[in-house]
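Trainee: I've got the model loaded and would like to go through it with you. Could we start with the overall picture and then turn to the details?

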Amino acid sequence: MYKIQANASGTRSIDITELHLLTIEKYSLLKRLVPSNGIVDETTLETLKHNAKSYILNNPECTDLADLCTNVLYNDNMKVYGLKELIMLYVGWHDAREEELEETEQIGIEEK
């Protein structure tokens, strides 16, 4: 379980599970989300919400995505600051997983 800060003062937070991060990865929700200027703003957050909602409407069996929307994206505390924190958490989590997979593959190669 992870926790992201949802506002600058640190008075609000949102719990993020491993399943939430896997869901973001599965549906590539953050891919091409941030514009080329690198600024995450209210439009970026609304785009993410819209993309997730559209996918659910077209694929109602996506319970993992519905859970992500309910608990994270549409959480009352989710604002632009929280999205920035979520992106940073995801990037760190994804990079750590990639390293772990590379190490596992390297060990498998060495055992052969």
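Trainee: Among contacts between residues at least 6 apart in sequence, what percentage join residues at least 24 apart?

Mentor: In this protein 63% of those contacts join residues at least 24 apart, where contact means heavy atoms within 4.5 Å. Keep in mind that this is a predicted model, in which local features need pLDDT of at least 70 and side-chain atom pairs count only at pLDDT 80 or more, whereas totals for chains, interfaces and linings use all residues. Residues are numbered from 1 along each chain as its sequence is written, and side-chain values use heavy atoms, with hydrogens and water left out.

Trainee: OK, and how many helices and strands are there?

Mentor: The protein has 4 helices and 2 strands, and along the sequence they follow the pattern β-β-α-α-α-α. Helices (H or I, at least four residues) and strands (E, at least two) are DSSP runs, numbered from the N terminus. The C-alpha atoms fill a box of roughly 50 × 35 × 30 Å, taken along the principal axes.

Trainee: What share of the residues is buried?

Mentor: Buried residues make up 33% of the 112 residues, with buried meaning under 20% relative accessible area, exposed over 50% and partly exposed in between, for a 1.4 Å probe and protein chains only.

Trainee: Switching to the helices, at what angle do α2 and α3 pack?

Mentor: Helices α2 and α3 (residues 63-73) pack at an angle of about 150°, with their axes 10 Å apart. That makes α2 roughly antiparallel to α3. Axes here are lines fitted to C-alpha atoms, for helices over the stretch in contact, and angles run from 0 to 180 degrees between N-to-C directions; those under 35 degrees count as roughly parallel, over 145 as roughly antiparallel, 65 to 115 as roughly perpendicular and the rest as oblique.

Trainee: And which residues make that contact?

Mentor: On the α2 side they are Leu-48, Lys-49, Ala-52, Tyr-55 and Ile-56, and on the α3 side Leu-65, Ala-66, Cys-69 and Leu-73.

Trainee: What about α1 against α3, at what angle do they cross?

Mentor: The axes of α1 and α3 cross at roughly 120° and come within 9 Å. That makes α1 oblique to α3. From α1, His-20, Thr-23, Ile-24 and Lys-26 meet Asp-64, Leu-65, Asp-67, Leu-68, Asn-71 and Val-72 in α3.

Trainee: New topic: how many aromatic pairs does the structure hold?

Mentor: The structure holds 2 aromatic pairs. In one of them, the rings of Tyr-27 and Tyr-55 have their centres 5.0 Å apart and their planes at 65°, so the pair is edge-to-face. As for the criteria, rings of Phe, Tyr and Trp (its six-membered ring) pair if their centres lie within 6.5 Å, and planes under 30 degrees apart count as stacked, over 60 as edge-to-face and the rest as tilted.

Trainee: Why does the Tyr-27 and Tyr-55 pair tie together parts that are apart in sequence?

Mentor: Tyr-27 lies in the loop between α1 (18-26) and α2 (42-58) while Tyr-55 lies in helix α2, so the pair ties together parts that are 28 residues apart in sequence. Tyr-27 counts as buried at 16% relative accessibility, whereas Tyr-55, at 38%, counts as partly exposed.

Trainee: Then which residues form the tilted pair?

Mentor: Tyr-90 and Trp-93 form the tilted pair, at 5.7 Å centre to centre with 40° between the planes. Both residues lie in helix α4 (residues 80-111), 3 residues apart, about one turn of the helix, and both Tyr-90 and Trp-93 are buried.

Trainee: Which ring does the charged end of Lys-49 sit over?

Mentor: The charged end of Lys-49 sits over the ring of Tyr-74, 5.2 Å from its centre; the criterion is that NZ of Lys or CZ of Arg is within 6 Å of the ring centre and within 35 degrees of the ring normal.

Trainee: And Thr-44, is that buried or exposed?

Mentor: Thr-44, which is in helix α2, is buried, with a relative accessible area of 4%. Not counting residues up to four places away in sequence, Thr-44 touches Leu-33, Pro-35, Ile-39 and Leu-83.

Trainee: Last one: where is Arg-32, and what is its phi?

Mentor: Arg-32 is in the loop between α1 and α2, and its phi is near 60°, a positive value in a residue other than glycine. Arg-32 is exposed, with a relative accessible area of 76%. Ser-28 is in the loop between α1 and α2, and has a positive phi of about 50° although it is not a glycine.
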